[in-house]
Amino acid sequence: MISGAIDTVDHDVSVCVNLPEPGRWQVVKSETNLTDRTWVAMQAATDEDSVFVNDADTLVMSRQFSKSFITPDQRRLTFYGGEVRPGEAVVKMYSLETVGRRPTYSYSRYTPVATDSPEAAAKTLDRLVAEGLPQRPVIEIIVPVTVIG
């Protein structure tokens, strides 16, 4: 379980996780929107040593977003079809397969432009899900891991 809060709309967040060993790891991530904007999509992208697991036995979900999309190379995961308003928390669950002990993945959030019509915002969101959110300056964090059980 990784938990935190994001208070910037101008940066992506890069997370480095110190794992006890390589392999398949289930991630449950919670974060609170401390910005003044509503997030309508969230994207995670892995490093070259990791992929998101995309098989029938692996749960990929978020209570706040009804849809998810994993690219064919399994290096980008986007949650969309919902929203996280200012002050609300979002919970996401997925699995990573990694060949190293220090996988790094970055998170981006998408907020529609206030002047866009609903149709324009929907079209932009569809494009961003397919092509990926543009990279912004990055804030890096390192997360230690404790194995329980």
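The model is predicted; local features need pLDDT of at least 70, side-chain atom pairs count only at pLDDT 80 or more, and totals for chains, interfaces and linings use all residues. Residues are numbered from 1 along each chain as its sequence is written, and side-chain values use heavy atoms, leaving out hydrogens and water.

**Stop 1: the helix.** Select residues 118-131, helix α1. Helices (H or I, at least four residues) and strands (E, at least two) are DSSP runs, numbered from the N terminus. Leucine 125 is in α1. Is leucine 125 buried or exposed? Leucine 125 is buried, at 14% relative accessible area. Buried means under 20%, exposed over 50%, partly exposed in between (1.4 Å probe, protein chains only).

Now show the contacts of leucine 125, including Val40 and Tyr110. Contact means heavy atoms within 4.5 Å.

**Stop 2: the cores.** A nonpolar core is a set of buried Ala, Val, Leu, Ile, Met, Phe, Trp, Tyr and Cys residues joined through side-chain atoms within 4.5 Å. The largest has 22 residues; select Val15, Phe52, Tyr94 and Tyr105, which touch the most other members. Another core, of 8 residues, lies apart from it, and Leu125 and Leu128 are among its members.

**Stop 3: strand β2.** Select residues 12-18. In β2, 6 of the 7 residues are buried. Two strands pair if DSSP finds at least two bridges between them. β2 pairs with β11 (138-144) in the parallel sense over 7 bridges, and valine 13 stands opposite isoleucine 139. With β10, β2 pairs in the antiparallel sense over 4 bridges. There, valine 15 stands opposite tyrosine 105.

Conventions
Lists of a residue's contacts leave out its neighbours within four places in sequence.
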